[in-house]
Structure formats: structure tokens, C-alpha cells
Amino acid sequence: MTSSLLPEASSDGACAGAIILLIDDSATVRSAAEKILRAAGYRVVVAENGFEALAKIGDCRPALIVCDIVMPRLDGYRTCALIKASAAFHATPVLMLSSKEGLFDRVRGAMAGASACLAKPLAPEALLAAVRQHLASRF
């Protein structure tokens, strides 16, 4: 018997219906990424900042998190570190979004516990490839 709470593995290794928490203070980026992810069959929960994300994470229990680095009040590095410090979510992959494609962002993201760092503007293929790769390793 399959639980409706668990995502189903699809033939390409991705998990159809997996919940993704998308954190970005830009309405434009949130909207674009949400459309890409929903079109690929994922369920998306959006948050405008790190504090909102931390308030939602326990209820939505995401399989993966996509988090912008540059956000007011609580940046993506700190948000990621707080998520990774949680016993409930330490194994949840976090993909960081950076407007700069530099080594510094990738290293600092890795130090905060991020699984990968993606460049903005988001290329739909790159986002979906990273999501599939990191979800496949979870299920």
C-alpha cells in the first residue's frame, strides 16, 4: 500500500509530486521557478524570505529546497545553515540560487550545507536537472 504522502518515483528517477520549498524575495524569480517546477509535476510551496520559509517548513515537509542567497534580514546562507542544523531537515537537499557565478558563492553555500549552487537567471533545464539529481539521491 502506497502512502499518498510519499512521492512516486517516475521513470527518469525524479519523484513526481515531490514537495519543493522555493525561497526567493524576487516575485519574478519565484513566479518563473514555480512555473518551471509545477510544469514538471512538482508541488511547490513558496516563501518570500528565510523567516517565512522557516515558519512553513515544518508543515510542508519538503523533499528539496531551492533558496536564493541574497535576501533581506535572513540571507540564504543563514537560512540554509538553520535548516541543516535541524534534526528533521538536515538531510533535505538545498539548492542555492546566486546572481553571481563565482567560486565564493559556491564555497560559502557548501559551508552552509547546500547541495549545489545554481546561477541566475535560471535556465529551466539546469534547474530541473539539479532538482532531479538531488531528489533521486533521496528516494
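How much of the accessible surface of the protein chain belongs to carbon and sulfur atoms? The share is 57% of about 7,200 Å², with areas taken from the Shrake-Rupley method and a 1.4 Å probe, and for residues only the protein chains shown count as cover.

Before you click, note that this is a predicted model, in which local features need pLDDT of at least 70, side-chain atom pairs count only at pLDDT 80 or more, and totals for chains, interfaces and linings use all residues. Residues are numbered from 1 along each chain as its sequence is written, and side-chain values use heavy atoms, leaving out hydrogens and water.

**Whole chain**

Start with the cartoon view. The protein chain has 5 helices and 7 strands. Both are DSSP runs numbered from the N terminus: helices are H or I with at least four residues, strands are E with at least two. Follow the elements from the N terminus: β-β-β-α-β-α-β-α-β-α-β-α. Of the 139 residues, 42% count as buried (buried is under 20% relative accessible area, exposed over 50%, partly exposed in between, with a 1.4 Å probe and protein chains only). Among contacts with a separation of 6 or more, 61% link residues 24 or more positions apart (a contact means heavy atoms within 4.5 Å).

Select Leu21 in strand S3, residues 19–23. Its relative accessibility is 0%, so Leu21 counts as buried. Show its contacts beyond four places in sequence: Val45, Ala47, Ala53, Ile57, Pro62, Leu64, Ile65 and Val66.

Now jump to Arg61. Arg61 is 40 residues from Leu21 in sequence, yet 8.5 Å away in space, C-alpha to C-alpha. It sits in the loop between helix H2 (50–60) and strand S5 (64–68). Arg61 is partly exposed, at 49% relative accessible area. Check its phi: near 45°, a positive value in a residue other than glycine. Most residues other than glycine have a negative phi.

**Arg73**

Move on to the loop between S5 and H3, where Arg73 lies. Arg73 also has a positive phi, about 70°, although it is not a glycine. At 73% relative accessibility, Arg73 counts as exposed.

**Helices H3 and H4**

Select residues 76–85 (H3) and 103–112 (H4); their axes come within 8 Å and cross at roughly 25°. Axes are lines fitted to C-alpha atoms, for helices over the stretch in contact, and angles run from 0 to 180 degrees between N-to-C directions. That angle makes H3 roughly parallel to H4 (under 35 degrees is roughly parallel, over 145 roughly antiparallel, 65 to 115 roughly perpendicular, the rest oblique). Show Tyr77, Cys80, Ala81 and Lys84 of H3, then Asp105, Arg108, Gly109 and Ala112 of H4, which make the contact.

Zoom in on Asp105, in helix H4. Asp105 is buried, with a relative accessible area of 6%. A polar contact of 2.7 Å joins its side chain to that of Tyr77. A polar contact is a pair of N or O atoms within 3.5 Å; within protein, one must be able to donate a hydrogen and the other to accept it, and residues adjacent in sequence count only if both atoms are side-chain atoms.

Finish at the loop between strand S7 (116–119) and helix H5 (124–136), and select Lys120. Is Lys120 buried or exposed? Lys120 is buried, at 19% relative accessible area. Its side chain makes polar contacts with the side chains of Asp24 (3.3 Å) and Asp68 (3.1 Å). Last, click Pro121: a cis peptide bond, omega about 0°, joins Lys120 to Pro121. Most peptide bonds are trans.
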